Amino acid sequence: MGTIIEVKDLHLWYGQKEALKGINLDIQEHEITALIGPSGCGKSTFMKCLNRMNDLVKDCRITGSVKLNGIDIYKDMDVNMLRKNVGMVFQKANPFPMSIYDNVAYGPRVHGIKNKKQLDEIVEKSLRGAALWDECKDRLKTNALGMSGGQQQRLCIARAIAVEPAVLLMDESTSALDPISTAKIEELCLELKKKYTIVMVTHNMQQANRISDTTCFFLLGDLIEHGPTKQIFLNPKNPKTEEYITGRFG
């Protein structure tokens, strides 16, 4: 296992406002990296830099470098290839208004897979990977919007892993779910990290402590502290980190 993403001196501006201030971070493969910090501190902005979602934002300017497996994603990688390699699951489940099957097959079809048998295999494998196959194998042709919230979020994970990305970004992807659905997705993440690298934004300190290997604390656009999760939670080096984790942050 080694470094899969290298971020060097990453600055980001929205117009005149500097939202990220010289971030340096190596993300290790087959780990869950949790990004924590108060609202508006830069963690979701940072995550979106990892798959160039900020390209879509008006007046956004970025300097520094983000490398995926040694390749600079802003200079030397086509954005479609990047999005194949770095999947994303959002805060609110956003299945397409089509069948469960077509949701999962969507990405592989976009990338040129048309063979029905091959698509069938990918759909089953991805739904199994998202711990959803047994719940929906008999209704693959039904509309995904009829699923429960927790199932929809796992379907979005299945859709993301159907194109076999190297990295999975999860932006508060359990915050809208009930505790049982949240626990299922946490268990799923622990299973998925055997095959993928996961970077997750979370406001849930218990969740970060339970399932992440590395924790990064952001504050006002700065990466204040990062390290092994157990060390960050038991013995943070920065008093601001301790204040935030213990809920005393004002």
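Me: Which residues are buried in H3?

Reply: Buried residues are those with under 20% relative accessible area, exposed ones have over 50%, and partly exposed ones lie in between (1.4 Å probe, protein chains only). In H3, the buried residues are Ile100, Tyr101, Asn103, Val104, Ala105, Gly107 and Pro108. This is a predicted model, in which local features need pLDDT of at least 70 and side-chain atom pairs count only at pLDDT 80 or more, while totals for chains, interfaces and linings use all residues. Residues are numbered from 1 along each chain as its sequence is written, and side-chain values use heavy atoms, with hydrogens and water left out.

Me: At what angle do H3 and H4 pack, and which residues of H3 and H4 meet?

Reply: The angle is taken between N-to-C directions, from 0 to 180 degrees, using axes fitted to C-alpha atoms, for helices over the stretch in contact. Helix H3 (residues 100–110) packs against helix H4 (residues 116–129) at about 110°, and their axes are 9 Å apart. That makes H3 roughly perpendicular to H4 (65 to 115 degrees; under 35 is roughly parallel, over 145 roughly antiparallel, and the rest oblique). From H3 come Ile100, Tyr101, Val104, Ala105, Pro108 and Arg109, which meet Lys116, Leu119, Asp120, Ile122, Val123, Ser126 and Leu127 of H4.

Me: Is Ser126 buried or exposed, and which residues does Ser126 touch?

Reply: Ser126 lies in helix H4, and because its relative accessibility is 5%, Ser126 counts as buried. A touch here is a contact, meaning heavy atoms within 4.5 Å. Leaving out residues up to four places away in sequence, Ser126 touches Val104, Ala158, Ile161 and Ala162.

Me: How do H3 and H6 pack, and which residues of H3 and H6 meet?

Reply: H3 and H6 pack at an angle of about 30°, with their axes 7 Å apart. In this contact Ile100, Asn103 and Val104 are the residues of H3, and they meet Leu155, Ala158 and Arg159 in H6.

Me: How do the axes of H6 and H7 cross, and which residues make the contact?

Reply: The axes of H6 and helix H7 (residues 179–192) cross at roughly 20° and come within 9 Å, which makes H6 roughly parallel to H7. On the H6 side the contact is made by Gly150, Gln153, Arg154, Ile157 and Ile161, and on the H7 side by Ser181, Lys184, Ile185, Leu188 and Leu192.

Me: Where does Ala144 lie, and what does Ala144 touch?

Reply: A loop residue can be read in the same way as one in a helix. Ala144 lies in the loop between helix H5 (133–136) and helix H6 (149–161), and with a relative accessible area of 0% Ala144 is buried. Not counting residues up to four places away in sequence, Ala144 touches Pro95, Phe96, Met98, Ser99, Ile100, Asn103, Gln152 and Leu155. Between the C-alpha atoms of Ala144 and Gly107, which are 37 residues apart along the chain, the separation is 16 Å.

Conventions. Helices (H or I, at least four residues) and strands (E, at least two) are DSSP runs, numbered from the N terminus.
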